[in-house]
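Good morning. Please have the sequence and the model open while I talk.

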Amino acid sequence: MALLRLDAVRWRDVLRDISLAWPRGRLIGLVGPNGAGKSTLLRVAAGVWRPTAGVVTIAGMPLHRLSPRQRARHLAYMPQQLPEEAPYTVRQYVAMGRYAYGTRWTGYERGNMGREAVDAALRRMGLEGKGDVPINRLSGGERQRAVLARCLTQGSPVLLLDEPIASLDLHYQVDVLKQLRALAAEGYLVVIAIHHLELAARYCDEVVLLHGGRVTGSGLPAAVLTEAAVREAFGIHVRTYKDPFTGALRLSLP
Amino acid sequence: MNPLNHKWSAALRRLCSVQAVPVSVRFILLLALLLLAMAAEVSVGPMNIPLSRLLSATWAYWHGSRTADAVVLGAIRWPRLLVAAFAGAGLASTGAVLQALFRNPMADPAIIGVSGGGSLGAVFMIQIGAQAVSPWLVPFGAFAAGLAAVLVVYRLATVDGRTAIHSLLLSGVAVASLCSAVVTLLLSLAPLETMQQIMFWLMGGLDGSTWSHVLVVAVFVLFALIVYESQAHALDILSLGEEQAEGVGVNPQRVKQVTLVTAALAVGSCVSVTGVIGFVGLIVPHLMRLWMGPSQRLLIPASALGGAALVTAADIVARMALAPVELNIGVVTSCLGAPFFLYLLRRQYHREVQG
């Protein structure tokens, strides 16, 4: 059964008639040119923006019926990057993911659950020694790990991340994608917007190609990112081939 | 620099740094500072009342005694002190909250138009001679106009049920400057005597504070502190950006509404009783952030204590500096506050540049 489902979703004239359904345990890559609607799709799927038409359901429940806190317990959404001047320590930042479990009046959680969830998330992301470091002292890659840790503390089965590997170097791009794969293997549904087609093809279980606010392809990377589809979406004449070592889809640029 | 001197300044810097002192001790120090300022405020004046007689004279006033000491304390100094302390607490904590909400270090209570609207309301009431009817009409006019100004600012900045922070900032500035233009217009049309009254009100003052004033300010400010504290965690999260906040379950529009209404009530009550006291809402949250760190849960109560101490201390200066002439407290906070603030900014900047 699909965990997250979009039925005939429209958002103003940015998204048109989008129907998608994803089960648990997948890493999904949203690809497409700038302005194709990747970020908008993530916002709508996260319930931050309400669709103009159509409905988004999580585990069978329409998203717009949930309160912001209930929603945050079902899916974690991370917009592009953290602001540079964030004055908090890694631990303070990661603990913000527990807001959805706080009491109505103080906003803070009772008991030790929150602390344990934060410790577990820091450990999971290899940041256990960095809890007291100000978050803006971390390197770009570590910071992205902190962002993932914050998402994990929400205890939600769905992670929606907008360009999690933009502005990272190759080492951390691969590092973050491997982390995301591992999370998908544990049963999370992870949906990311990603510009790098070859990395998407190498690490994602499925890709969704967006062009002009419509889904023009969805499925296995090799089936979606065909020469014709890439030419139509990006206007670039590529040749595709199989990577001789990994068997993944590769693109030869003109 | 000689080594001993250097050692001392290093020790001092360590003491002032955020991590060196536990939170509880930092709060106790702030409280001690406030108590010191309060004690000075009630005992110092044209008629000095030694601290030893403070309690007994207050007690006597409470039980109907009307000796000179008792009357000066009970009818003049205590109300004045409490209005100063509550107004300072309200302005500074509101400043802290608005700086987080606007994600802008220059935000202060004036930025949502409440001070400008309040001034306009008060000036209008003075202009039409409402004081002759009831002494409460001027504060009431200030309060109502302050709230109306915030409402206008909020409506202007809200489209499709969403309030964009930058439009809130811009409409706040626009409404504030419109109000100040109309105030100037009214001033230029006023006869000389009314004009003096208006100028005096605009510069902010605590003279003539009564127990009723104390009650008004205390109720609104204490209410505001409770509400702010309930929004502290959400404000922390919101300071990282609205989309981030929505991702973890914060409802930004709700936080904005609750915070703005509460700020309008708290500052409106302060402005209506004391007039405009500048700089407290801007400077105290910055000082407290250096001393307490960025977390709103600590910053809000710390700013309240700090603001209370600062306004109380400023009032001592206002009363005593050129005695028997009394300065307006707004003049004191701005004259002392601005240079001190600049000094702090420079020092902070140097430290950041040096690493």
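I will go through a sheet, a few residues around its loops, and then one arginine. Keep in mind that this is a predicted model.

Let me start with the sheet in chain A. It is an open sheet of four strands, and the order across it is S2-S1-S4-S5, with antiparallel pairing. Which strands are at the edges? In chain A they are S2, residues 15–22, and S5, residues 61–62, and each of these pairs on one side only. Helix H1 of chain A, residues 38–46, packs on this sheet and touches S1, S2 and S4. The direction of H1 makes about 120° with that of S1 in chain A.

Now look at the S5 end. Strand S4 of chain A covers residues 53–58, and two bridges join S4 to S5, with the two strands running antiparallel. For A:Thr57, the bridge partner in S5 is A:Pro62.

Next, the loops. Most residues other than glycine have a negative phi. Two residues here have a positive one. A:Arg12, in the loop between S1 and S2 of chain A, has a phi near 40°. A:Ala59, in the loop between S4 and S5 of chain A, has a phi of about 50°.

A:Met1 sits in the segment before S1 of chain A. Setting aside neighbours within four places in sequence, A:Met1 is in contact with A:Pro23, A:Ala59 and A:Gly60. How far is A:Met1 from A:Trp22 in space, C-alpha to C-alpha? The distance is 8.3 Å, while in sequence they are 21 residues apart.

Last, the arginine. A:Arg150 lies in helix H5 of chain A, residues 140–153. A:Arg150 is buried, yet it has no salt bridge. The nearest side chain of opposite charge belongs to B:Glu243, and that is 10 Å away. What A:Arg150 does have is a polar contact of 3.1 Å between its side chain and that of B:Gln244. Not counting residues up to four places away in sequence, A:Arg150 touches residues of both chains, among them A:Tyr77, A:Tyr93 and B:Val248.

That is the end of my part.

How values were computed
Residues numbered from 1 in each chain as written. Chains lettered and ligands numbered in written order. Predicted model: local features only at pLDDT ≥ 70, side-chain atom pairs only at ≥ 80, totals over all residues. Heavy atoms only, no water. Pairing = 2+ DSSP bridges. Contact = heavy atoms within 4.5 Å. Axes fitted to C-alpha atoms, helices over the stretch in contact; angles between N-to-C directions. Buried < 20%, exposed > 50% of the residue type's maximum accessible area, 1.4 Å probe, protein only. Lys, Arg positive; Asp, Glu negative; His and termini not counted. Salt bridge = Lys/Arg side-chain N within 4 Å of Asp/Glu carboxyl O. Polar contact = N/O pair within 3.5 Å; in protein donor to acceptor, adjacent residues only side chain to side chain.
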